[in-house]
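I opened this notebook to keep track of what I looked up, one topic at a time.

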Amino acid sequence: MDDSAVALLDVIRSLAFVGDLAMGQPTDHSPRAAWMAGQLAREAGADHAARTRATAVALLRWSGCTANAPEFAQLFGDDVGGRKALLAIQSSGSSFRSGTRNKGSAFLSLSRIHCEVSGDIAEQLGLDEETQFALRHLFESHDGSGAPDGLRGEQVPTAVYMASLAGDLDIFNRLYGLDQACRLIAERADTLYPRALANVVLAHARQWLSALDEDPTLSGPCSLEAVLAGRTTSLEILAHVIDLKLPWMTGHSRNVAQIARNAALQLGLDEVSQQRVYRAALIHGIGRAAVPNMVWDTPGRLAESAWERVRLVPYWTGRAARQIGSLAAEAEVASYAYERPDGSGYFREVKSVSIPLEGRVLAAAVALAALRVERPWRGAYADHEARDLLMAEAAAGRHDPAVVNALFDTRREAKRSPPPPSTGLLTERERDVLRWISLGASNKQAAQKLSISPSTVRTHVESVFRKLECTTRAAATLKATQLGLL
């Protein structure tokens, strides 16, 4: 039984859900935009392949959001609120892409991270090269003022224009009404996208929006249903994208999954339950995208307003089940990741009798994985310290004692995945450097940790980027985690 192979379309929909949360948008934004992008392609006379591409690009347009969240947080403080505000700007001269004209701008750097990771995600998902190229150029503009490469006119993939137009229509209509949305799109024509495509949108906007309002299920089914039928991909891809949001969470979801699956084995759960808890662990952090990084990075006690946002993380994870089909059961288990048997957890605040065993396994695995790893406000706990802390929590009623015991029980042989074939791609020193860089350390900090010079670190980073064929920390982290190098 393959624990991580899932329907490709479900992973794409999950990535769209995460992206909408990270952008501060309603969770049906990307599906609605994808449906309208497909309609736009059809009305523009595009063939089936081009319609499919426009739909896929619209669904995956925000898949790179978690990758540049740390840099966005440095610029705006609230990375989620900052993105939401940018999307709401009415003047095309003040939009996100207008800031990329300056080659030294922060927006150019943010765009490059986002686009590189989006394209890499499409590659890992096995999507065609045209779709990958479009996702690597999401913020290009018709007049050449966009990013990352300043493409213009027909150099920009048509799918980029279609996804952008559909997204603008959905956002502006929701915020300002249809008439103002149409005015804003008309003003942006010839600057952000071709006027001919904008005119097609303006001619059909009312019809499309009405169709979505009358039958919201139109936002889910799309041309991808038939094209991607029967295709699967690795659920670990989604886990790694989720973890990119916070550098110090690199590899967290996969680590939780391995701990949880082993505990389920020790408890005697059948293979179906072991698989379900493993998959639930991989996706338990979906809702984390809705909370700004500045909240997660806060040392000590959170303000009540911040705490309320954290409490909703498992709620959003559970809500994702409505959009990701075959992962619905796993998303439901994942929503119990922070519940506690004594009722002190969240978001439901239910007690032991209402928490399924798989949920209790996941909650304990999440706690153990977190204790073993360094956080910005504390160091990592040694194994014996983590065990003592969890045992004390179990004795106090905040974890299931049987589950906690199973976390540390090794009487049954745990299922182990075969070593990835590319572990020899990087040298041991390069992996050490990448490990620290992926956790958010600067070159200087990595040099201090490894007792080498910053220039040596820089040389190793350049070598890692070259070998992994990437140009940013986030892209290197995503590729390395997927290859099993981190």
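**Second largest pocket**

I began with the lining of the second largest pocket, where helix α19 supplies the largest share, 4 residues. A pocket here is an open set of points on a 1 Å grid over the protein atoms alone, with protein on both sides within 12 Å along at least five of seven lines; a 1.4 Å probe fits at the points, and lining residues have an atom within 4 Å of a point. I noted a volume of about 1,200 Å³ for the second largest pocket, and 34 residues line this pocket, with Trp307, Tyr338, Tyr346, Ala370 and Trp377 the closest to its centre. That volume is the space filled by probe spheres set on the grid points, which are joined across faces, edges and corners.

I then checked which helices give at least two lining residues each, and these are α15 (293-296), α16 (304-311), α19 (357-371) and α20 (383-395). By class I recorded 20 nonpolar, 6 polar and 8 charged residues in the lining, counting Ala, Val, Leu, Ile, Met, Phe, Trp, Tyr, Cys and Pro as nonpolar, Asp, Glu, Lys and Arg as charged, and the others, Gly among them, as polar.

**Basis and confidence**

I remind myself that this is a predicted model, in which local features need pLDDT of at least 70 and side-chain atom pairs count only at pLDDT 80 or more, while totals for chains, interfaces and linings use all residues. Residues are numbered from 1 along each chain as its sequence is written, and side-chain values use heavy atoms, with hydrogens and water left out. The mean pLDDT, the predictor's confidence in each residue from 0 to 100, is 91 for the protein, and 93% of the residues score at least 70.

I compared the length of α2 (residues 29-43) with expectation: its 15 residues at 1.5 Å each should span 21 Å, and the end C-alpha atoms are 21 Å apart, in agreement. The expected span is 1.5 Å times one less than the number of residues. I found 13 of the 15 residues buried, so α2 is largely enclosed by the rest of the structure; buried means under 20% relative accessible area, exposed over 50% and partly exposed in between, with a 1.4 Å probe and protein chains only. Just after this helix, Gly45 takes a positive phi of about 85°.

Within α2 I looked up Met36, which is buried at a relative accessible area of 1%. Neighbours within four places in sequence aside, Met36 is in contact (heavy atoms within 4.5 Å) with Ala166, Leu169, Asp170, Trp208, Leu209 and Leu212.

**Helix α12**

Is α12 (residues 236-243) enclosed or open to the outside? I found 8 of its 8 residues buried, so α12 is largely enclosed by the rest of the structure. Its buried residues pack against α1 (8-22), α6 (106-124), β2 (232-234), α13 (252-266), α14 (271-283) and α25 (473-483).

Arg83, in helix α5 (residues 79-88), is buried with a relative accessible area of 3%. Beyond four places in sequence, Arg83 touches Ala22, Met23, Cys65, Asn68, Ala69 and Phe72.

Lys449, in helix α23 (residues 443-450), counts as partly exposed at 47% relative accessibility. With neighbours within four places in sequence left aside, Lys449 is in contact with Glu374 and Trp436.

**Backbone geometry**

Most residues other than glycine have a negative phi, and most peptide bonds are trans. I listed a cis peptide bond joining Ala147 and Pro148, with omega about 10°, and another joining Tyr346 and Phe347, with omega about 15°.
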